[in-house]
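Subject: Structure handover and notes

Hi,

Please have a look at it first and then read on.

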Amino acid sequence: MSGRASPLIPAIIVGMFLFLALESYIEDLFGAESESFLGEVGHLWRPVFLSIVVYGLIRLLIALGHGTTLRSLGDVLCGAAMSIGKLASWIILPLIAIIMFDVITRKIEIIKVWNAGITETYGFSVSFLLQDFQWHLHGVLLLMTFGFGYIMNAHVRVDIFREMASRRGQVRIETFGLTILAIPFMLVMTGFAWDFFYASFVGWEGSESMVGLGWRWIIKSFLIWGFVVAMLAALGTLVRCLLFLYGDDEEHAIAEDSLQFFTDDDELAKLILEENQGAQEGGR
Amino acid sequence: MEGFLEFWHWLIDDHLYEYIGAYMFLALALMLFSGLPVAYALGGVSLIFAILATWIDAITFKEFFSALNRSYGGDGQSGAIQNPILVAIPCFVFMGTMLEKSRVAADLLDILQIMLKRVPGGLALSVTVMGTIMAATTGIIGASVVMMTLLALPEMLKARYAPTLATGTIAASVTLGILIPPSIMLVLMANLLAVSVGNLFIGAILPGLVLSGLYFMYIVARASINPAIAPRIDEDTIDLRPSNNSNIVLFFGMVVGFVALSYVLETLAESAMAGRAEGDTATPLIAQFNWGLFAFLAIFISSMVIGRREGKSLFGGILKGFVPPIFLITLVLGSIFAGWATPTEAAGVGAFGSIVLAYMNGTLTKDVVRQVCHRTGLTTAMIFFIFVGATAFSTIFRATYGEDLIIEFIEWLELGAWPLLFLLMFAVFLLGFFFDFLEITLIILPVFAPVIKAFAPEFAPHLGLEGLFPGKIEEQVIYWFAILVAVNLQTSFLTPPFGFALFYMKGVAPSSVKMQEIYRGIIPFVTLQVIGLSIVLYFPNLALWLPALMLE
């Protein structure tokens, strides 16, 4: 790739879809009586339009020569999702510890008897709290690692036809998927997760079992965070994909190194190979 | 223009309104085969079609909110988060990864190989035993195949095994892991089909053992007829000191001692319970201990300690490398089967046990723990992101009457119960060429299960269930169906030219191994799979007898 693409096409994309996304507001502004030409439920397309606007904006910035800034933006977004995911992975250890503690206090007779005494005296059961806490931890673990999993290419793909495409083709497919499918989906899920959390917070939802862990809004708020972090990873990857496709030679090469989903360069397989070699050397 | 408007009207208001579910399925297939992450394809397609369906007035967009609600779970729904059963999944993943990374698995393979050195095809048999015992837990077929190939294939080729036999054995044994508990697929299936995880685990045991027995017989027969393809292990390469007799005596003495002691103490505790005064509710001190469990753990620990003391001899290897993993698996499965622990508790204990094993093995470094945690996080994210996407998809699919379309289609075919079962099995088999069990379990099973449930009474005579009330029959048929699907999927993963376990294997095998050799090597195992599948089809009691026995 030599020479930059003209900023005209991305500018048109941004303008058109920004208009579509804000169409209902614009009509309100001018006091138009007529209905939106997208129909009554046209506003539902808004997440898709917004996502396309983001796509256009990134392309516009590349065309205007802001590749370096975008590169660091992509690194920051992906890096944040990675660090959060790596941190969240450690939750498995307290989860195991809590299950062990719960099993010991409920299955070993003498401790169970002692534990029952506590419940009688203080009127609450540690066991119920811990059982609720287990799935809370599990929920945080799985939600906060979504983005990490995407960047490390751990999410399952059907590679059978993708293998035949060139690297450029694979990036094109990924760009399409991120813009049309992934980012709108995560936008909508984030929005709904907010409603879900808000209802729980306002109603001060407690445990169903009266003796379990209350404050359900805390775990429900992690739904928002989970999808936001996943969206960070998706946006960061989108930036890298577009740099690969439309950036100049240097940006293209750097983006190619940072993208990890190519079929001939599977990061997870490499990781397994490396770890295995490390373990064998360590064993000897 | 008039004609066009009429066509447009027909397209949107009649055709699309009725068949939007079918188009949704088509779009999903297209997106999946484009190679996008499955979770993105599922989520995105369901969003786009939810908007489309709202646009043509088929549903209201609120349906999409229930996708989130259902992925969260709670209220007895089978969601991902508020669901104590699924906590077992990260724990099982952790356990499998820890056993692999801490080289406990590699040591087990080494010691099995030495123990089985006099049997024809000993190394291949060790691989089968390994697969049966522990390949189950790593989450996805692809990763398991990669691990086991890296672990066992170089060793087998070094021992001058024929590449065909070596690759066939590895692929078949590893994929057996999805069937033999503790298996993540069975946890997910049980969750989706609203049946008990423990019962499904128990039901899968016998079919799994039948398959692994078939592999055993085949390998032994093949190696006896033609020893050149599976040469015996060279005695010189085994570097072992002779066993120390005092340690052998010490270990067996301790085992007998612990068992006797726990038996005596249990008896004493029982008599103390029986001898309580009338109206005395306090449990006597001696009855407050689980003596059997203590004996079990004491043997577990003494095996590892004596094994360390014994060091590098055959006996030491058995105590250190063989007994502890077997005990761990027994503890995990036994506590589920005995109804003593829920699968989640058993998984947590298993994960903790794997840390203990790694520690006793001297390989529990900070680096290993970090790697295991990260890999567990990645696998958990992978499983549950698909879970969320699949929930969104099935919510919208159901809301747009996609499921009714399928049921109508099946009714239109006018098939009986048996042809229908074969049709569904064939469909699952074909899908298994392209998809891992996650997608099939999470997307296809919720669609197929109600169909099979509707035909449950027709299967009742075959399963020996006449006269039971319908709910019970449905439940039993579903157990049987789940296990059939599991065996079927495993076969599908192995069948050339698409079976994708084979592609993963080729990806990490030494370049001297040709794809043709992998294909040729797997064919006998596929034949064994088909025999196994027919056995489970023909003798459903294989899957149903043990759970029923346990319930009594």
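A definition to begin with: helices (H or I, at least four residues) and strands (E, at least two) are DSSP runs, numbered from the N terminus. This is a predicted model, in which local features need pLDDT of at least 70 and side-chain atom pairs count only at pLDDT 80 or more, while totals for chains, interfaces and linings use all residues. Residues are numbered from 1 along each chain as its sequence is written, chains are lettered from A and ligands numbered from 1 in the order in which they are written, and side-chain values use heavy atoms, with hydrogens and water left out.

Backbone points

In chain B, the loop between helix H7 (141–158) and H8 holds B:Arg160. Its phi is near 60°, a positive value in a residue other than glycine. Is B:Arg160 buried or exposed? B:Arg160 counts as exposed, at 59% relative accessibility; here buried means under 20% relative accessible area, exposed over 50%, and partly exposed in between (1.4 Å probe, protein chains only).

A cis peptide bond, with omega about 0°, joins B:Pro181 to B:Pro182.

Helix H15 of chain B

H15(B) has 34 residues, which at 1.5 Å a residue should span 50 Å, and its end C-alpha atoms are 49 Å apart, in agreement. The expected span is 1.5 Å times one less than the number of residues in the helix. H15(B) is mostly covered, with 30 of its 34 residues buried. Just after H15(B) comes B:Tyr401, with a positive phi of about 60°. B:Tyr401 sits in the loop between H15 (366–399) and helix H16 (402–413) of chain B, and B:Tyr401 is exposed, with a relative accessible area of 53%.

The interface

How much area do chain B and chain A bury between them? The figure is about 7200 Å², 80% of it on carbon and sulfur atoms. Buried area is the accessible area (1.4 Å probe) that two parts lose on being put together, summed over both. The contact (heavy atoms within 4.5 Å) takes 78 residues from chain B and 76 residues from chain A.

One salt bridge is counted between chain B and chain A, the term meaning a side-chain nitrogen of Lys or Arg within 4 Å of a carboxyl oxygen of Asp or Glu. That bridge pairs the side chains of B:Glu345 and A:Arg106 at 2.1 Å, N to O. On the chain B side that touches chain A, H15(B) gives the most, with 17 residues. B:Glu345 and A:Arg106 also belong to a network of salt bridges together with A:Asp102.

Salt bridges elsewhere

Over all chains, the count by this rule comes to nine salt bridges. Among them, A:Asp75 pairs with A:Arg240, the closest N and O atoms being 2.9 Å apart. A:Asp75 lies in helix H3 (residues 67–89) of chain A and A:Arg240 in helix H9 (residues 216–246) of chain A, so the pair ties together parts that are 165 residues apart in sequence. A:Asp75 is partly exposed at 37% relative accessibility, whereas A:Arg240 is buried at 13%.

The side chains of A:Glu256 and A:Arg167 form another salt bridge (2.8 Å, N to O). Helix H10 (residues 249–258) of chain A carries A:Glu256 and helix H8 (residues 167–202) of chain A carries A:Arg167, so this pair links parts 89 residues apart in sequence. A:Glu256 is partly exposed, with a relative accessible area of 21%, and A:Arg167 is partly exposed at 25%.

In chain B, B:Lys101 forms a salt bridge with B:Glu100, with the closest N and O atoms 3.4 Å apart. B:Lys101 is buried at 6% relative accessibility, and B:Glu100 is buried at 17%.

Cysteines

How many disulfides does the structure hold over all chains? The number is zero, a disulfide being a pair of cysteine sulfur atoms within 2.5 Å. A:Cys78 is in no disulfide, and the nearest cysteine sulfur, in A:Cys241, is 9.3 Å away. A:Cys78 is buried, at 2% relative accessibility.

Best wishes
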